[in-house]
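Subject: Structure handover and notes

Dear colleague,

I am passing the structure below on to you, together with my notes on what was found in it. Please read the notes with the coordinates open beside them.

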Amino acid sequence: MELSKRQIIAAFALIVSYFLFGHYIALAGNCWGGWNEICWSRWDSGLYLGIAKVGHTLYPCPDIPSGNCGNAGWAPLYPALIRLLHEISGQQIPFADAGIYISTFFWICSLYWVRNESFAGALLLLLAPGNIYFHAIFPMSLLAFFVLGMFYFLERQKYLLAGIMGYFAALSYSIGFILIACLGVYAFYQWRKKDLTLTNASKLVLIPLAGIITWFTYDYFATGKWNALFLIQGKYGHHVKLPFEMMYLKFKELIDAWGTLKMSIELQNYFIWIAVILAVIKFYKIRTQQPLWLLLMIFTLLYWWLPYSSSSVTAVYRNVCVLLPAWIYLFRHITPLQRWIALTVMAVFSVTQGILFIQSILI
C-alpha cells in the first residue's frame, strides 16, 4: 500500500524520537555505552541470549533437588531470530547486537500497523507502558508487532492472516494460553451470532494453538520434556489471586519506596488499573460500533489482571507491553484532550521506568 507524505513524515519523526529517547534514557541512567548490550542487556536478556547460543535447556536445580532449572521457561522465537541473524552474518554480528537489531527492526515494522491512526495514537508505540523494553534485548517489540498485526487483520476480517500472527505471537512470549482463551471466547461468540463461520473461527483459534504445540514439540526434542516450560516456571510459585489482594500488597511496596524513583513502579501500576477499567467500560459502550469489542474487553482484562495477580515478583511493568493494541483502540474513542493527557502521564512514567531499567532495578 502506498504511503502518504504525511505518513512518511510521521514515521520518520517517530523513528528519530525512538533513537533519541533511547540515548537520553541511557545517559539519564548513567550508562554511557551507547546502543549496545552494556546499556540494553538486563536480567532476562541473558536467558534469551543463552537460548540463542545453546537452545532450550532443562536440568535439576543444584540448590533445589526437586526443582527444575534451565532456560526452557522462556519463549523460543526471539532467540531463534537472534541465532539466525548471527549465522547469516557469518557470525560477524554478536548475539547481543543481533538482539538489539531485531528489537529495533520489529519496532520500526510495527509502524505499519498504526499508519492510519491519529498521531497521538501512533505515539503510543513510543510512550505506552512498558515501552523501554522495545529498545532492549527482550522480545517485547517482536510480540507487539505480531499482536498488533493480529488485531489489524482481524479488523479487516482476514482470519487466516490474523491466525498466523497469533501463531508467532504465541512463540514470542509466554502469553499463548491467555491468547487462545481470548480468541476462543471471541470466536465462539461470533460463531453463535452467525457473524463468523466455523472455518474462520478455526483459523483464528487453531493456528495460534499450533504455536503453543510448536513450542512444546521443540521442547520435547531439546530437553526430553514437552512440558519443560511448566517444570521451570513451577518453582516460581505463580498462582492467580484476587486483584484487590495483590493491590493491597503492592500498596505496601509503594509506601516502602515512597520518595524514591522506585515508587513510580507502583504508581504506574495503579494508573494502568484505572486505564484498564476505563478501557473495558468504553469498549462495552461502543459495542454497536466496534465488532471486536468483546475481544478487546477480554484481552485487556486478562492480560492485565492475570500477570498482576499471579505473583508479587511478576514483572507487570514489562508484561503490560502486550496491552498496546488496547490503548490504540481506546484512543480512537476518546477526545483529543484525553489522549494528550494520557500521553503526558505515560511520558513521565516512560522516563522513570527507563532510568530504573538502565539501573537494573526493573528486571
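Arg42 sits in the loop between α2 (37-40) and α3 (45-54), and please keep in mind for this and everything that follows that the model is a predicted one. Arg42 is buried and yet has no salt bridge, since a salt bridge is counted when a side-chain nitrogen of Lys or Arg lies within 4 Å of a carboxyl oxygen of Asp or Glu, and the nearest side chain of opposite charge, that of Glu37, is 8.3 Å away. What the side chain of Arg42 does reach is the backbone oxygen of Ile38, at 2.9 Å. Leaving aside residues up to four places away in sequence, Arg42 touches Cys31, Glu37, Phe138, Phe357, Ile358 and Ser360.

Trp43 is placed in the loop between α2 and α3, and, although not a glycine, Trp43 has a positive phi of about 45°. With a relative accessibility of 51%, Trp43 counts as exposed. A positive phi is also found at Gln157, about 60° and again at a residue that is not a glycine; Gln157 belongs to the loop between α7 (140-155) and α8 (159-172) and, at 58% relative accessibility, counts as exposed. As background to both cases, most residues other than glycine have a negative phi.

Turning to charge pairing, the count of salt bridges comes to seven. One of them joins Arg318 to Asp44, with the closest N and O atoms 3.4 Å apart. Because Arg318 lies in helix α15 (residues 316-319) and Asp44 in the loop between α2 and α3, this pair ties together parts of the protein that are 274 residues apart in sequence. Both Arg318 and Asp44 are buried.

Another salt bridge is formed by the side chains of Arg83 and Glu87, at 3.0 Å from N to O. These two residues are four apart in helix α4 (residues 77-88), so about one helical turn separates Arg83 from Glu87. Arg83 is partly exposed, with a relative accessible area of 31%, and Glu87 counts as partly exposed at 32% relative accessibility.

The side chains of Arg156 and Glu155 also meet in a salt bridge, here at 3.6 Å from N to O. Arg156 counts as partly exposed at 34% relative accessibility, while Glu155 is partly exposed with a relative accessible area of 30%. Through salt bridges that share partners, Glu117, Glu155, Arg156 and Arg332 are joined into one network.

As for the protein overall, the model contains 17 helices and two strands. The radius of gyration is 20 Å, close to the 21 Å that the globule rule gives for 363 residues, so the protein is as compact as a globular protein of that length. Taken along the principal axes, the box filled by the C-alpha atoms is roughly 55 × 50 × 45 Å. Of the 363 residues, 54% are buried, and among contacts between residues at least 6 apart in sequence, 74% join residues at least 24 apart. The protein exposes about 16300 Å², of which carbon and sulfur atoms supply 68%.

Note on methods:
Residues numbered from 1 in each chain as written. Predicted model: local features only at pLDDT ≥ 70, side-chain atom pairs only at ≥ 80, totals over all residues. Heavy atoms only, no water. Buried < 20%, exposed > 50% of the residue type's maximum accessible area, 1.4 Å probe, protein only. Lys, Arg positive; Asp, Glu negative; His and termini not counted. Polar contact = N/O pair within 3.5 Å; in protein donor to acceptor, adjacent residues only side chain to side chain. Contact = heavy atoms within 4.5 Å. Rg over C-alpha atoms; globule rule 2.2 N^0.38 Å. Areas by Shrake-Rupley, 256 points an atom, 1.4 Å probe, with all protein chains shown as cover.
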